[in-house]
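Here is a short briefing to read alongside your structure. Take a moment to bring the model up, and then we can walk through it together.

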Amino acid sequence: MVQLPVKGTQEYISLAPSKIIAVGLNYHAHVQESKVFDLKKLEVPSEPVLFAKTPNVLIGPDEPIVIPALLKEYHFDEPRIDHEAELAIIISKKCKHVTEQDALNYVLGYTCFNDVSQRNIQKSDASGWFRGKSFDTFGPIGPVIVPPHLLPDPQKLAISCRVNGKTTQVASTADMIFSIHKLISFISHNFTLEAGDIIATGTPSGVSPIKAGDEVEVEIEGIGILRNPVIEEIL
């Protein structure tokens, strides 16, 4: 569970989602760079590409992203863990079959998210992306939750990422292939969304490797900076 302050209030909200639904390949340039990862689905998708991250991934601002000790057992020639800066949506109330026109009525707020991804496992697991996306601490979130009335147009926000102060991702949420309205509606037609569920809306191009000793910063206009160090798990 992660507690985050609500911008403009004295309130804190505890995030304990029933599910985290993430969106892959939702920026045109990221579709192209995904060829590097050999993730097979390289065309611009005709509908949102969904995958799950389990709630154990969640950590708050300044908490460490932990590289699992398990990875050493695989002896990967080129082990790779990447950051992915994303805008996250937190759902306000239970909903199903939401229209695009009504979609924003089910948003509690917005925040930054880092969809940390272990690429070797993501490429090789027969079951797909599940394990490589869901190691403990692989979902930093924060630093605040911004209510919709303080962020009236979430589709026009600058989004960026820095590793050790060096900028690796720069884009705008305007560059999404599928809008926030479309994502909420599409997902709700597939699964019932519950209060507190999190939708991670995809990452722009520029994802890059992280390692122990790094510091990763995800910044979104109107929300702030989500900062997390990276460490190795020690058994």
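Predicted model: local features only at pLDDT ≥ 70, side-chain atom pairs only at ≥ 80, totals over all residues.

The structure holds 14 salt bridges, and its largest pocket has a volume of about 180 Å³.

**Glu-217 and its two arginine partners**

- Glu-217 and Arg-162 meet through their side chains in a salt bridge, with 3.1 Å from N to O.
- Glu-217 sits in strand E15 (residues 215–220) and Arg-162 in strand E12 (residues 158–163), so this pair ties together parts that are 55 residues apart in sequence.
- Both Glu-217 and Arg-162 are buried.
- Glu-217 also forms a salt bridge with Arg-227, and here the closest N and O atoms are 2.7 Å apart.
- This second pair links distant parts of the chain, with Arg-227 in strand E16 (residues 224–232) and Glu-217 in strand E15, 10 residues apart.
- Is Glu-217 buried or exposed, going by its relative accessibility? Glu-217 counts as buried because its relative accessibility is 10%, which is under the 20% cut-off.

**A salt-bridge network**

- Salt bridges with shared partners join Lys-53, Arg-80, Asp-82, Glu-84, Asp-115, Arg-119 and Lys-133 into one network.

**Asp-125 and Arg-131**

- Asp-125 and Arg-131 form a salt bridge, their closest N and O atoms being 2.9 Å apart.
- Asp-125 has 18% relative accessibility and so counts as buried.
- Arg-131 is partly exposed, as its relative accessible area is 26%.

**Gln-122 in its helix**

- You will find Gln-122 in helix H2, which covers residues 119–124.
- Gln-122 counts as buried because its relative accessibility is 3%.
- Through its side chain, Gln-122 makes a polar contact with the side chain of Arg-119 at 2.8 Å.
- Arg-119 is also one of the members of the salt-bridge network described above.

**The largest pocket**

- Which residues lie nearest the centre of the largest pocket? They are Ile-67, Leu-71, Pro-79, Ile-81 and Glu-232, out of 14 residues that line the pocket.
- Sorted by class, the lining of the largest pocket has eight nonpolar, two polar and four charged residues.

Definitions and conventions
Residues numbered from 1 in each chain as written. Heavy atoms only, no water. 1 Å grid on protein atoms, 1.4 Å probe; cavity = no way out; pocket = protein on both sides within 12 Å on 5 of 7 lines; lining within 4 Å. Points joined across faces, edges and corners; volume = space filled by probe spheres on them. Nonpolar A, V, L, I, M, F, W, Y, C, P; charged D, E, K, R; others polar. Helix = DSSP H or I, 4+ residues; strand = E, 2+ residues; numbered from the N terminus. Buried < 20%, exposed > 50% of the residue type's maximum accessible area, 1.4 Å probe, protein only. Polar contact = N/O pair within 3.5 Å; in protein donor to acceptor, adjacent residues only side chain to side chain. Salt bridge = Lys/Arg side-chain N within 4 Å of Asp/Glu carboxyl O.
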